[in-house]
Number of protein chains: 2
Amino acid sequence: MSPTSIAVDVMGGDDAPESILDGVKLALDEYKVRLVLAGPEELIRESFSSYEATTGSYEIRPASEHIRMDENPLQGVRKKKDSSLVQAANSVKEGQTRVLISAGNTGAVMACTKIKWGVRENVDRPAIATHLPNREGSYSILIDSGANVDCTARQLLQFAMMGVVFSETVTGIENPSVGLLNVGTEVKKGNELVQEAYELFEQGPINFHGNVEGSDVLGGTTDVIVCDGFVGNVALKLSEGVARTIFEFMKEQIDQSVRNKIGGWMLKPAFKQLKKIIDPAEYGGAPLLGLNEGCIICHGSSSPKAIKNAVRQAMLFIERDCNSEIGNRMNSLNESVTIDE
Amino acid sequence: MSPTSIAVDVMGGDDAPESILDGVKLALDEYKVRLVLAGPEELIRESFSSYEATTGSYEIRPASEHIRMDENPLQGVRKKKDSSLVQAANSVKEGQTRVLISAGNTGAVMACTKIKWGVRENVDRPAIATHLPNREGSYSILIDSGANVDCTARQLLQFAMMGVVFSETVTGIENPSVGLLNVGTEVKKGNELVQEAYELFEQGPINFHGNVEGSDVLGGTTDVIVCDGFVGNVALKLSEGVARTIFEFMKEQIDQSVRNKIGGWMLKPAFKQLKKIIDPAEYGGAPLLGLNEGCIICHGSSSPKAIKNAVRQAMLFIERDCNSEIGNRMNSLNESVTIDE
C-alpha cells in the first residue's frame, strides 16, 4: 500500500461525476498521489480516454450504484452495497486507501464511515472540522460544524481536542488556542450546555482561551472554535450567506453606472483576492474527525478546484498522521479529565 | 399624556451620555416627539444650554446614578433605584411615557423592565426582535436575538407570533412568512428543540414557511426567522463580524496601490450604499417584545444616528399600537394551540 492512496467517491455531489472527475485530473496533474476512483467503470474510462496522468496515478474501483443527494442516508448505505460511496469506504477498510473523499450526501457519508470503520476509542461522536479564514490572515478551525445537532459538554471537550490536533498537524499551528462559542465573553454566560462545557474546558489539557462570540469567529481570536453542530452549521451557512450577499450587492452596484464599472474594473484584483480568501473551495473539504479512518467531506456543490484541494488536504492528513495523533490525545484526554455523562 | 412620549436612558451605552444626548437632539430636530430624558439634571441642562429643539420637545427626569455596562444586571437594578435606567422605566410605568429606549447594560434593561412592568399574559418570556437587511431589499425580523439562551418549543412559537405582529405593524409587511432556523430545510432536520417546534409551528395560526438555513437569514426567504436566543446572538454577531471583516479587507486592499485607490474612490458611493444597508444604526434598536410596556434596546456602541432611529422606531411602535396587538394575538394563540410544557 502506498502511503498516499486516497479513495474518491466519483458519484457524490451536485455536479458529479463531471466536477469530481475534473478535480481528480487536476490533482493527478499536480500531486504524487494514487487515487482510487469508486464509480461506474465505463463512464470513468471514457472520461479518462484522452487523458494521461502526469504526476499521480489512478485506478478504478467499479461501483454500479450511487446514493442520491436527497436519499435517506441510512437506507441508502444499507441497500446500495455497490454504490460509489460504499465502495470507496470499503477501499479504505480493506487498506487499499487511507482516506475517503466525498462530496455526496453528507448524512450518508457519516453513516457509511461510522458503520464501516467504527468510531475511535474514547470518542463519543465524530465531528466535522471546518477551516475558516480569519482577519489575522490565518485559518481557524470551527468544530463541530454540523455532524451533531444535540451535544453534551463532554462531547464538546472531545471536539476541542480533535480540533486542536487537526490545527496542529494539518494547519501547522503550534499549541492552538481554543475558544468556546458563546453569547458573551464573561465566564457565567450562555446556555446550560456551554456553561457546563466551560468548566470541563478549564480542566482539560488544552490551551483554553475562554468564551468567544460570533464576532470572534472570523476575528482570529482563537485557532479553534468549539460549538455544537447545530450552532456550527447555522454559523457556517450564515457566513457564506453574508459574504455572498455583499458580493452580489457590489456586483449589482458595479453594473449600474459607467463610473462604478470603471471602479469595479480597477478593484478587480482586490475583489479576486478577497474571493480567494473567503472561497470554501480553497480548502476543499472538511474532515470528519474521530473515526478509525480518515474522511474528508466536501461541499455538495464542490468545483473541480475544491476536489483538487480536498486531495491535497487528504495527503496532509495522511503524511502528518493526524488520525493516530487524535487517537493518542483522546486516550490521554480520557485519562486526565473525569467527564461523566 | 401625549401619545408620542418616549423615555430615554441618558446614561446607558459605551459612549453615554454624549452619544445619547447628540442622538436625542437629532431626533428633536426631526420628529414631533416628547422625550423624557432620565439622567443627571445638571449635565443634561448643560448639554442643552445652547440648543433649542425645533420640532420635538423634552423634559428632564432627574436620576443621580447609573448602572455600568459590566455591572451585575440584577444587583444594579435592585441597588440603584435612582439610576437613569430605573427612572426611565418608572417613567413608563407611571404613564409619563410609553416606550423606553436604552443602549445600556442589556441584562439590566431586561431585568429592570421585567421587574417594573411585568411580562404580558400568555407570554412565557420576552424576546429581542432584530431587523436584518435581506437580499430582497427588505428587512427580515430575527427573533430571539439574545434574550433567552435556553428555550422551549412553546417559547419559540410565542416568539414567532410576536415577530409576526412586529413585522406587520412596524415593518409594514402583510401576512409575514415565518421560517424556523435549522440545519437543513427538510422536515425532520435539527435538534430536539426545533423538531418539536416544527410540529407546533405547523399547528399555529402563523404563515409558516418551514425550516430555513443560515444562508436564508439574509436571503429574504421569510419575513420572520425564529431561533433560540443563543443561536440568534451568535448569528447576529457573526453577521456583523463577516461584514466588518470584508470591509476591513477591502479598505486595506484599496490603500495598497494607486490603481486600487482610484478604484476605491470611484466605488465610494457603492460602498457607502452597502454600508448604509448593513449598518445596524439604520434601524437604531431592537424591541424587547412580550412585556406590558414597550422597550427598545440599542447596541452599546450606538451612534447618535442610531439613537435617533431608535426614537423613530419607538414612535412607530406606539402609533401602530404594536404592544396591544401582541396582547391580542398571544391570547388567541393561547386559545388555538395546546402547547403543554
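What span should the 12 residues of helix α7 (residues 192-203) of chain B have at 1.5 Å a residue, and how far apart are its end C-alpha atoms?

A: The model is a predicted one. In it, the 12 residues of helix α7 of chain B should span 16 Å at 1.5 Å a residue, and the end C-alpha atoms of the helix are 18 Å apart, which agrees.

Among the residues of α7(B), B:Leu193, B:Val194, B:Ala197, B:Tyr198, B:Leu200 and B:Phe201 are buried.

Strand β7 of chain B, residues 177-181, runs parallel to β8(B), and 5 bridges join them. One of the pairings is that of B:Leu180, whose bridge partner in β8(B) is B:Asn211.

Both strands belong to an open sheet of chain B with 11 strands and mixed pairing. Its order is β3-β2-β1-β4-β11-β10-β5-β6-β9-β7-β8. The edges are formed by β3 (57-62) and β8 (207-212) of chain B, each of which pairs on one side only. On average, and ignoring direction, neighbouring strands of this sheet are turned by 25° against each other.

Helix α4 of chain B, residues 84-93, lies across β1 (5-9), β2 (34-39), β3 and β4 (99-102) of chain B, and runs at about 165° to β1(B).

A further helix of chain B, α12 (residues 322-336), contains B:Asn323. With a relative accessible area of 11%, B:Asn323 is buried. Setting aside neighbours within four places in sequence, B:Asn323 is in contact with B:Arg120, B:Leu291, B:Asn292, B:Glu293, B:Gly294 and B:Phe317.

Chain A has 12 helices and 11 strands. Its radius of gyration is 21 Å, close to the 20 Å that the globule rule gives for 341 residues, so chain A is as compact as a globular protein of that length. Along the principal axes, the C-alpha atoms of chain A fill a box of roughly 60 × 60 × 35 Å. Of the 341 residues in chain A, 61% are buried.

Strand β7 of chain A (residues 177-181) is largely enclosed by the rest of the structure, because 5 of its 5 residues are buried. In a regular strand, side chains alternate between the two faces of the sheet. Both faces of β7(A) are covered: A:Ser177, A:Gly179 and A:Leu181 are buried on one side, and A:Val178 and A:Leu180 on the other.

In chain A, 5 bridges join β7(A) to strand β8 (residues 207-212), and the two run parallel. A:Val178 has A:Phe208 of β8(A) as its bridge partner. Strand β8 of chain A also holds A:Val212, which counts as buried at 1% relative accessibility. Not counting residues up to four places away in sequence, A:Val212 touches A:Gly179, A:Leu180, A:Leu181, A:Asn182, A:Thr221, A:Thr222 and A:Ile225. A:Val212 and A:Glu186 are 26 residues apart in sequence, and their C-alpha atoms are 9.0 Å apart in space.

Key: Residues numbered from 1 in each chain as written. Chains lettered and ligands numbered in written order. Predicted model: local features only at pLDDT ≥ 70, side-chain atom pairs only at ≥ 80, totals over all residues. Heavy atoms only, no water. Pairing = 2+ DSSP bridges. Helix = DSSP H or I, 4+ residues; strand = E, 2+ residues; numbered from the N terminus. Axes fitted to C-alpha atoms, helices over the stretch in contact; angles between N-to-C directions. Contact = heavy atoms within 4.5 Å. Buried < 20%, exposed > 50% of the residue type's maximum accessible area, 1.4 Å probe, protein only. Expected span 1.5 Å × (residues − 1). Rg over C-alpha atoms; globule rule 2.2 N^0.38 Å.
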